[in-house]
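Look at the sequence and the model shown here. Questions and answers on the fold follow.

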Amino acid sequence: MVNKLLFENFIPEEMTIGELFAKRVAETPNAIAIEFGDETITWAEMDLLSDWLVKRFDYFGIHSGTKCALWCGNHLQWVIVYIGLQKIGATAILVNPGYLADELYRVLSYAEIEFLFYGETFKNQSLNEIIDNLDLLEHPYLKQTIPIEMDDAVRFMIDGAKALTAADYERIEYLKSIPKPHDVACMLFTSGTTAVPKGVLLTHYNLVNCARATVASMHWDKTDKTCVMVPLFHCFGMTSSLLGSLVAGNTLYLMKYYRTVDALDAIQNHGCTVLNGVPSMFLAMIYNHHFDEYDISNLKSGIIAGSAITVLDYKRICEKLKMKHLLMSYGQTETSPGVSFSDYDESIEDKADNAGFIIPEVDAGILDKEGNIHMLVEKGRFLGKEHSVMGEIMIRGYLVMKGYYKRPNATAETLQADGWLHTGDQGFFDEKGHIHVLGRMKDIIIRGGENISPGEIEECILELPQIKQVKLVGIPHPVLQQEIAAAVVLKKGQTIEAEAIQSYVGQHLAKYKVPAYIAFLDEIPMTTSGKVAIGQLRQDMERRFATDKIL
């Protein structure tokens, strides 16, 4: 089964994000682009303000290829700065605002960030305090830190834009003409087995065309309004929501960060028709004790992606939200991200146990144990053969990353010379062409849609002098999908409370990385080859900390 109209009409385009934005402004200049709190902005107004930023960037020395980090929660100014950076071809480096100082500093050094645009606060964390304690001498690449979350920022930009001269616009247009479609547009981070996450390099071509395919799959248009409850620093939020709105012309209702009642309020009182999120967000909504107090009849469609979900939970979400068009999707940061979507008009039953169909003009295959790639999908069309082969999912096409920043070995391991990307996920295709994703081939923990590197947290815990050995696993959770459990072996004669370990991690890493459960073991189970018996350990931890009694 394929969407014939989608396949017949879709051709990847050579276009930059700046050009895509200019096309949107030309088509619907006076339509509302963003709603954020009490502020609204049209496409034409965003164009004017981001043009003024181009002039300011030029003054600062920010040009094509300059590495500029955005470290802020979802915010109107985040979007305006992002568009300004894309217009001139600067590399937008999207940093998790939940990072604490140590995490931020590691990313600053690894990514060689030159300019850091930052917010004031995120949840209960003061980003200003972290910036105030930042020692620029320790980060020789960093030239300037620039706050963007001030209350009067938009008014300040409007006043500046009014003073632009003809000569200013001539310079602005020249700077905007420099970026090319296959230039790097963004660096986003993906967790791995090391403490410093890998920087994924995505081009304008990757992102524009993935956004176009997403919008075509989702049937979005300018009559829609998307509730942006996923973070913009994630590829899911940046491509599917923000860039998707440039393609479709729909309005974005921007939430600074996810809160269940805020999302329900956005649907009822702000007319949101589209809801994209990770499974834990949807589960939190339907289990919230205020859920039945809200009218959710505005909802039409949405994407559910980011981690695995059971058939029962998916059906329960669709039933409670009355969403026939809540589409399953599969992807990862390295694929910009969306590789597959459910067919728009499939029944809930047919969508429930799979991640849909590969998008147009993309190849997909399965790598078997012998190292052979069985191509199952060519240019988005299911070939209908060898669908029972199980192994690593392989992807090739316009949405595949350029590589990992300063990680040539990791790039070579993940991205073959012939263009095939090793996803690290195990799966297969059924006889209809649905892709089924069975899970990570490595042991990344996915908690609430966040990919968490066990190695980073393990290294942090091992800094405690009492700890001899530690291993993290993810165990099932009815809302978050997985929760972090740490198996700890103490040094002889040492003692430490679980709360002390959690407190230490919380002082050095983001809150979502703090283990919820800690078990003190005499030894961690090992295989005969000397490796951690991860399957056995996970089963042991699940028995200790059963979470199915929460709901």
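Q: Among contacts in the protein between residues at least 6 apart in sequence, what percentage join residues at least 24 apart?
A: This is a predicted model, in which local features need pLDDT of at least 70, side-chain atom pairs count only at pLDDT 80 or more, and totals for chains, interfaces and linings use all residues. Residues are numbered from 1 along each chain as its sequence is written, and side-chain values use heavy atoms, with hydrogens and water left out. A contact means heavy atoms within 4.5 Å. Of the contacts between residues at least 6 apart in sequence, the share joining residues at least 24 apart is 71%.

Q: How many helices and strands are there in the protein?
A: Helices (H or I, at least four residues) and strands (E, at least two) are DSSP runs, numbered from the N terminus. By that rule the protein has 18 helices and 29 strands.

Q: Why is the protein said to be as compact as a globular protein of its length?
A: The globule rule is 2.2 Å times the number of residues to the power 0.38, and the radius of gyration is taken over C-alpha atoms. For 551 residues the rule gives 24 Å, and the protein is as compact as a globular protein of that length because its radius of gyration is close to this, at 23 Å.

Q: What percentage of the 551 residues in the protein do buried residues make up?
A: A residue is buried under 20% relative accessible area, exposed over 50%, and partly exposed in between (1.4 Å probe, protein chains only). Counted this way, the buried part of the 551 residues is 59%.

Q: Where around the axis of helix 2 do its buried residues lie?
A: Helix 2 spans residues 17–27, and its buried residues are Ile17, Gly18, Leu20, Phe21, Arg24 and Val25. The arc is that of the directions from the helix axis to the C-beta atoms. Here the arc covers only 160°, so these residues are on the same side of helix 2.

Q: Which elements do the buried residues of helix 2 pack against?
A: The partners include strand 9 (184–190) and several helices. The helices are helix 3 (43–60), helix 4 (76–88), helix 9 (204–218) and helix 10 (235–248).

Q: Which residues are exposed on the other side of helix 7?
A: In helix 7 (residues 153–162), Ala153, Val154, Met157, Gly160 and Ala161 are buried. Their arc is only 125°, so they are on the same side of helix 7. Their cover includes strand 2 (39–42), helix 3 and helix 4. On the other side of helix 7, the exposed residues are Phe156 and Lys162.

Q: Is Thr190 buried or exposed?
A: Thr190 is in strand 9. Leaving aside neighbours within four places in sequence, Thr190 is in contact with Pro197, Lys198, Val200, Thr333, Glu334 and Tyr404. With a relative accessibility of 8%, Thr190 counts as buried.

Q: What is the relative accessible area of Thr251?
A: Thr251 lies in strand 12 (residues 251–254). Apart from neighbours within four places in sequence, its contacts are Ile32, Ala33, Glu35, Asp224, Lys225 and Thr226. Thr251 is buried, and its relative accessible area is 11%.

Q: How many Å apart in space are Arg381 and Thr66, C-alpha to C-alpha?
A: Arg381 is in strand 20 (residues 381–382), and is partly exposed, with a relative accessible area of 45%. In sequence, Arg381 and Thr66 are 315 residues apart. In space, C-alpha to C-alpha, the separation of Arg381 and Thr66 is 39 Å.
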